[in-house]
Amino acid sequence: MSLVLIALLPFIGAILPALMIRAGRNACALTAGSVTLTSLILLLSYAPAVFGGEVIQARFEWLPGLGLNANFFLDGLGFFFALLILGIGLLIIVYARFYLSKQDPMGLFYVYLLLFQGAMVGITLSDNILLLLIFWELTSLSSFLLIGYWKHLPEGRQGARMALMVTGSGGMAMIAGMLILGNIAGSYDLTVILQSGEAIKASPLYLPALLLILGGAFTKSAQFPFHFWLPHAMAAPTPVSAYLHSATMVKAGVFLMARMWPALAGTPEWFYIVATAGLVTMIVGAWISIFKDDLKGLLAFSTVSQLGLMTMLLGFGTPMAALAAVFHILNHATFKAALFMTAGIVDHEVGTRDAKRLGGLVTLMPITATIAMIAAASSAGLPLFNGFLSKEMMLYEASHTYYLGQEWILPVLATVGAVFSVAYSARYAIHVFLGKERHDYPSHPHDPPFGMWAPAGLLVVLVVAIGLLPQAIAGPLVQVASNAVTNGTAPVVDIKIWHGVNAALIMSMIALALGLLLLWRYGTFVALRQRFPRPEAKDIFDRLVDRTAAAATFVTDGLQNGSLQRYLATMVATMILVGAAGFFGGSHGAGTRATLPISPLGLIGWLLLVAACLTLVFFHHRRLLTLILVGVIGLIVSLGFFYFAAPDLALTQISVEVVTVILLLLALNFLPKQTPVAEFAPRRWRDAVLAGLAGLGVAGLTLAITTRDFFAGSISEFHLANSYPGGGGTNVVNVILVDFRGFDTYGEIIVLGIAALAIFALLESSLHGKASKRLANWVPETARAFDSHPLLLVVASRALLPFALLVGIFIFLRGHNEPGGGFIAGLVVSIALIIQYMASGFQWAHARVRVDYHAVIGLGVLVAGLTGVAAWIAERPFLTSDFTYVSLPVVGTFEVATAMAFDVGVFLTVVGAVMLALANLSRIGRLAETGGGSHPIASQH
Amino acid sequence: MSIGADIVAALPELFLAGTAIILLMLGVFMRDISTRSIGLLAVAALAFAGALIYLGDGRGTVAFNGLFLNDGFGDFMKVLVLIGAALTIVMALRGLEQEQMNQFEFPVLLVLATVGMLMMISANDLISLYMGLELQSLALYVVAAFRRDSLRSSEAGLKYFVLGSLASGMLLYGMSMVYGFTGSTSFDVLAQVFASQEDAPSIGLIVGIVFIAAGLAFKISAVPFHMWTPDVYEGAPTPVTAFLAAAPKVAAMALLVRVLMGPFGDLVAQWQQIVVFIALASMLLGSFAAIVQSNIKRLMAYSSIGHVGFALVGLAAGSEAGVRGVAVYMAIYLFMTVGVFAVILAMRVNGRAVEAMDDLKGLSKTNPLMALAMAALMFSMAGIPPLAGFFGKFYVFMAAVEAGLFELAVIGVLASVVAAYYYLRIVKVMYFDEPVEAFDKPVGSELASVLAISTLVIVLFVLIPGPIVDGAATAAEALTSAGR
């Protein structure tokens, strides 16, 4: 449990500084410090066990279904890193107490710092790669807060965002890599994964997993080509830079590579990717670092370079190199943190970090200068300091490792890197502290208070101590850590100050000499560097972002331009494509049914239909013609129904066509007679092609489907067999409508009624407001006929009315057994009434028809509904029909079915719906007929 | 099964439908009743329906002659839908008043849409599926065009309607094909037929499935049927957009999962490619297109397209783990979306709604708490651990990896990298840019509490994942074990 506490304490304790800030800055720092110290003591309490080679574990179920358990473990490597994080964290807390000014919200700073610390410790102690991922991204988040802490600096924002973007993206890639890794190993527990290295390396998914995981590690540790974000994150306060960008966060990537070393390292892929990235980073980082005038920039790039060194060593894949990497991590943490702190002190006390404006500080701030120069000496790799020892190891490893089959490549390049690192370290020491004292410092330089230099001082004491007594002080720690990295295959650690004259020492000496030479001729090299183009990685990153944005704009503006037509075209095109893929992709032969011969009549009908449709397409902007053609098409379709022996459908179709055409005609009266032709020709062609293809597709499907048997038999048999015995009617269609599927019909008439009400509501609004004014001032486009109500038509229509109504009733009554029924009857009656409106004028007809069509619709629905309910009385389900035979004198025996009452409902609803629409159109018509005056005959009231 | 048992099985739906009608009558006949009261009653009804689902037993029952199915999967998704609907109605109350569109029909329509969603989720037949879907869609077409005096709103409603009708047409076309070749519309019968078929499914079936999938893809706004989303999100009044983005997405996704995993469960090979394709296309388009959006509602539209793509990764796996992933993802998506829209609804300057991303500038100074909540939501949407969004992504990606869809998972992760870019941009705008005019305060207790609830769910998920994860696991198990 206390193992978990090591990681959790900083999280829990993170609220304390925010609370304690009211008690003063000292109390605030003290609480933050004591939280860290408690964690550190807890960690150290495990030291005996860890040094004894034990691995301490703590396991908790969390999301077992996901393979995500809160498993923690502590081995040598975890101990080593946690020690660095907590130890340096403690020093940073002390340092920051003195570094931050009174205006800075210190409580918040310590909150963020502790959160970050907890996340870092969490990474080192996680035994589950998913848990590790969570802590990993938590460091990104909390570092975002820390880097952006000084909000008033614009470069702080830029830096924070880019840092989060780059490391966050890497983290995402790592998620994918970890998923694959866990999938190969069959577990997400590190302890399991580390034991299954062989299986992982043999898996075909090894390379993708490796690349993705390294993506995370490289971005976090600022390895080439992701090295550019780190220097830009340096706008943060110096304590943050010192902590995040030297000792801890940037080492998370290195830690991960070390952690995964047993599972991933040792393959050629690992060697060439990791070692190459490390090598390039080491050289490039060091080279840029030499020419940075901003002290923190200089240190930032030097950190990049040093991280490259560690990565390269891990990349070599040999236990000895891994040991060297571990040792260098320790050394680098000590001297680089000290360097950062001194840079902060200089910035704090002198007021600038520009190397060009500094120099000669050694007499003014002797303590700082001493600390800085010792740390710089270690960084340069001078003997007797710890940096020398690990750099020697690195050079030694490089000197006998083959790269691309060549022995000389690595030693030469490693020496080049070392030359540069000597140069920048020396520059930091010499250009800042040595030289002539100046008189134009922004403020008077002096040594800082004890609390500010003490942490750095403590670190350089370590630098020297390890440098002098490496085996005694660092030996055991490096041993357990490297044992953990290499799964116990690490050689026995025996670090000596003096190895005798060997290749590494010679390379070291060459580096020292050339590095100092470089600095001596600094001006020449600056000039030399200016002459070559320097690709600025940040610009490349920015350009990449801009390019992506431009591409995105192209996509969104091109596809998403707000045009409904384009959206429809896209959808239809997609459907054609996908449908075609399904059509041709399926394995199916030709149809199995025998095809029927083409009859001449059918062919003529088909040709007529095609011709009518094509004419309609070509003349679609002439609306009247379009309407006529629609009528023609409807007529051919209803003839088709006749041809296929479906008189009911044909009757229905014809009556519907008549009503529709008449209503549309009335509506068209008030609309422009032409559809404006403003279409763009290519778009017409696009639409034509799409429509053609869609038509072909539907035709193909129809052919494919009609030439084979359906899976299940047709349902016609059932209805034919049961129509008379079950529903009492011989007209199957009608029995289906009013009986078998009566519930559907009931729904349909309700929909019909609602549609009529909607037409009413829509037209009603045009009788008020702006629309009504426009209507009142409406001038018809075409001249009206002189005689708007021809006498002959008026007389004929009135004479016809009773007959038409009679026909309607006849059709209604015979419906159950012969073609007909309530629906058709309703339409026929409606047509009869419409003719009255057309012949005698709206006003005349309206004055005589005093029926509220709303009520008719309602009545229709009600009658149909009540018929259904009546079935309940007979304890039958809703809408069950019944029928009996009644004998009446004169008329004879006839059948009475409850379905008949239902049909009455249908009839009423249809009449009501059609007439409601008509009545409203007529109201508009009357409004528009400004003083029409011409009344038909018999204007007698 | 008796009619009584049928009614019990569909009690929450029936209750809600009845409530909607009663509320409509209240609004019509009690002239002085305020929209707020109707809205609150609607929320209470939704909560009660949720309680009915929670307390109801007899799970796994089929009612109304096999048209309606009650199961654990449906329960989980229904509760999500109800939560989404209730939260968005609560959020809308004040917005409606501010925008002078507080007609009482609004909450009634939303309740009706919710009934439709519940019906969709419980559909066990192609016909009841279509009924539920259309009930939902019709109500939503109307609310999208609710501001008839606004050109943008009317245009949005019209576009939504036209494209939605086309999609419904495709769906019906596909259904008729499937019916023609199986002789049934019942999911149970369909599943049996497919399970018993030895040879490759016939052409009519494949085309039918393609069309059904396309129709449903429209409803979840997956690429390439996403075209309506940005325009409708931007054009519709913000309270409507908030509603559109939350519950209907969950319901449509649940429906898609049920249809593909249920009756078509034995045809995984046929539809897996389709789902993989639309998942990839949605993730990529959602991520890339969002980069350049400056209108936050439009941004949320693309974001939702991307999220749907991620959720589909789970469905593409076609396994129980995949379904669980989808369920977890949609649950988390729901809370994230609701939270973000709470912030968007609070974006008002001098009584006027603003919706540009630049209006968020410096929010951390003018309203630190809201900025913090929004930042948490953005990080969650980007999928950065330890926020809930990460787990959503993780579940679906893991299911994909387990199903051997490595490429899909990797491309998905890369798409989420791009997506992270624009979520982080919002955080940057809020935290690092100089403040512009502050938003009106107070934002109102409704918005504040909805924002607080959703943010807490997102942040605390990592500590208390149980309710969502266990619920999703039960749901997935119920769905995948039933048909086999």
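This report describes the interface between two chains and the surroundings of one residue.

## Basis of the model

The structure is a predicted model, in which local features need pLDDT of at least 70 and side-chain atom pairs count only at pLDDT 80 or more, while totals for chains, interfaces and linings use all residues. Residues are numbered from 1 along each chain as its sequence is written, and chains are lettered from A in the order in which they are written.

## Interface of chains A and B

Chain A places 65 residues in contact with 72 residues of chain B, contact being heavy atoms within 4.5 Å. Together the two chains bury about 6,200 Å², with 81% of it on carbon and sulfur atoms; this is the accessible area (1.4 Å probe) lost on being put together, summed over both parts. On the chain A side, R161(A), M172(A) and M571(A) lose the most area to chain B, together 12% of what that side buries.

Two residue pairs are in polar contact between chain A and chain B, both at pLDDT 80 or more. Such a contact is a pair of N or O atoms within 3.5 Å; within protein, one must be able to donate a hydrogen and the other to accept it, and residues adjacent in sequence count only if both atoms are side-chain atoms.

## Surroundings of S305(A)

S305(A) is buried, with a relative accessible area of 3%, where buried means under 20% (1.4 Å probe, protein chains only). Leaving aside neighbours within four places in sequence, S305(A) is in contact with T281(A), M282(A), G285(A), A286(A) and Y424(A). The C-alpha atoms of S305(A) and L279(A) are separated by 8.7 Å, and these residues stand 26 residues apart along the chain.

Terms used:
Heavy atoms only, no water. Buried < 20%, exposed > 50% of the residue type's maximum accessible area, 1.4 Å probe, protein only.
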